[in-house]
Amino acid sequence: STTDTLYPGLYFFASGSGQYVEFVVYHENPFFEFETDQADWMQHMKVKGSEENQCFYQFHKLSHQAQLAIPEPTTQDSIAYASYRRQLSLTMDSLKRDFIARNPQRMISKMMLSTKEIEVPTIDSAGHLMDNRSRWEYYVRHCFDNMPLDDDFLVRTPQAVFYQRMDNYVNQSLMGVPPEIICPLLDSLLDRTRASRQNFHWLLHWLTEHYLQSNIMVYDAVYVHLIQRYYATGAAWWMTPSGIETEVDRASRWDRILVGKEAPELILFDTLHVPHSLHQMPNKYKLLIFWSPSCGHCQTAIPELYNKYKTLSQRYDIGAYAILSEPDAATKEKWRHFISEKGLQKWLHLDGGEANVDWHDVYDITSTPQIYLLDEKNIIIAKKLSAETFEQVMQAIGNQQQSE
């Protein structure tokens with residue numbers, strides 16, 4: 001027994017010997033009784049005061065009986081075992097369909113239906129054959145049609161019911177999709193969860209953290225969208241004012257440096273204290289690099305990037321605007337030594353200690369190295385680059401130029 005409030009969902013309790021049993025809480029008085037024996041808690045369970053749990057255990061018993069009725073192969077024959085698995089799957093699918101049809105409003109029915117994949121048509125409403133693009137568009141719009149996203153029980157279900165489906169949707173179905181397509185799809189999902197504070201809370205928080213941590217350069221725009229649409233407007237009801245301020249401030253900084261936007265102007269001084277403008281560099285492409293010789297990652301990544309730069313710079317007319325991100329006296333000495341030792345003289349090296357703006361804030365430099373690629377109009381065409389991805393981006397640009 002418990003005095004805690006149990007919200008809609010699937011729960012379990014266990015004994016010290018390892019026996020456990022699941023039970024349902026769903027829109028009925030939670031003061032109900034269970035009776036079973038030690039032989040098999042689940043199969044011998046009797047319930048008083050809960051029709052939801054009576055249905056829940058009824059299904060488990062039917063499922064258990066159906067599995068026993070299909071004999072397992074007595075040999076290691078792979079064909080026989082595959083046939084057994086197919087027959088078992090078909091039997092369970094039929095059992096679930098019948099149970100859901102007879103008990104459509106029960107939580108276990110809604111939970112099982114939530115895991116059912118939608119059927120994607122091959123013919124559109126006009127009678128035309130749908131191509132792969134059209135079928136994908138249908139799928140990403142209707143993927144969760146079988147899931148009651150506005151029902152509180154979803155956040156208290158096994159991983160496969162809700163969480164894994166969302167993870168697969170974002171990391172598989174939407175992987176590589178442009179932000180301008182992703183954002184409306186996520187908005188649609190979030191709108192459908194609005195009636196459930198718990199589902200909306202979990203989904204918005206999870207999506208925000210996912211795109212905040214994403215290494216895909218263009219997905220910064222998804223994070224910015226989520227913060228500006230939901231957090232900045234007060235929809236993230238669980239956040240403290242200071243927490244919201246932190247997120248909104250970061251999104252505001254990121255919004256200035258998204259792929260496709262003009263890079264903010266920088267004017268810094270080189271080792272001879274001569275000023276240089278980022279925007280006035282004459283090259284067709286520009287590498288903007290924030291780094292420090294005191295950064296362990298930079299010590300490896302910067303020479304690797306420089307080697308790629310030497311190979312590609314003349315072919316594509318690339319300049320480099322490399323900023324010392326820790327301009328204290330001790331680091332400056334290391335900086336000059338590192339440039340000389342590693343032969344980085346072809347880059348334009350700038351002292352980050354004096355500039356026209358606070359570039360730490362403008363470019364949100366919280367770690368190094370940070371590497372951007374700009375075009376001749378100072379539009380950011382790539383960010384979060386490594387030596388390898390820099391080479392890949394330039395090769396893609398070269399391939400596109402040849403095709404034109």
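Rings of Phe, Tyr and Trp (its six-membered ring) are taken as a pair if their centres lie within 6.5 Å, with planes under 30 degrees apart counted as stacked, over 60 as edge-to-face and the rest as tilted. On that definition the structure holds 25 aromatic pairs. This is a predicted model, in which local features need pLDDT of at least 70 and side-chain atom pairs count only at pLDDT 80 or more, whereas totals for chains, interfaces and linings use all residues. Residues are numbered from 1 along each chain as its sequence is written, and side-chain values use heavy atoms, with hydrogens and water left out.

**Aromatic pairs**

- The ring centres of phenylalanine 59 and phenylalanine 99 are 5.2 Å apart and their planes stand at 65°, so this pair is edge-to-face.
- Because phenylalanine 59 lies in helix α1 (residues 51-68) and phenylalanine 99 in helix α2 (residues 78-102), the pair ties together parts that are 40 residues apart in sequence; helices (H or I, at least four residues) and strands (E, at least two) are DSSP runs, numbered from the N terminus.
- Both phenylalanine 59 and phenylalanine 99 are buried, where buried means under 20% relative accessible area, exposed over 50% and partly exposed in between (1.4 Å probe, protein chains only).
- Tyrosine 309 and tryptophan 347 also form an edge-to-face pair, at 6.1 Å centre to centre and with 80° between the planes.
- This pair links distant parts of the chain, 38 residues apart, with tyrosine 309 in helix α10 (residues 296-316) and tryptophan 347 in the loop between α11 (329-342) and β9 (348-355).
- Tyrosine 309 is buried at a relative accessible area of 5%, and tryptophan 347 counts as buried at 4%.

**Nonpolar cores**

- A nonpolar core is a set of buried Ala, Val, Leu, Ile, Met, Phe, Trp, Tyr and Cys residues joined through side-chain atoms within 4.5 Å; in the largest one, which has 73 residues, Tyr169, Leu204, Leu207 and Tyr211 touch the most other members.
- Apart from its neighbours within four places in sequence, leucine 207 is in contact (heavy atoms within 4.5 Å) with Val170, Leu186, Leu190 and Leu226.
- A second, separate core of 30 residues includes Tyr309, Tyr316, Trp335 and Trp347.

**Helix α8**

- The buried residues of helix α8 include Val222, Leu226, Tyr230 and Tyr231, and its buried residues pack against α6 (179-193), α7 (197-213) and α9 (241-256).
- One aromatic cluster is formed by Phe200, Tyr230, Tyr231, Trp237 and Trp238.
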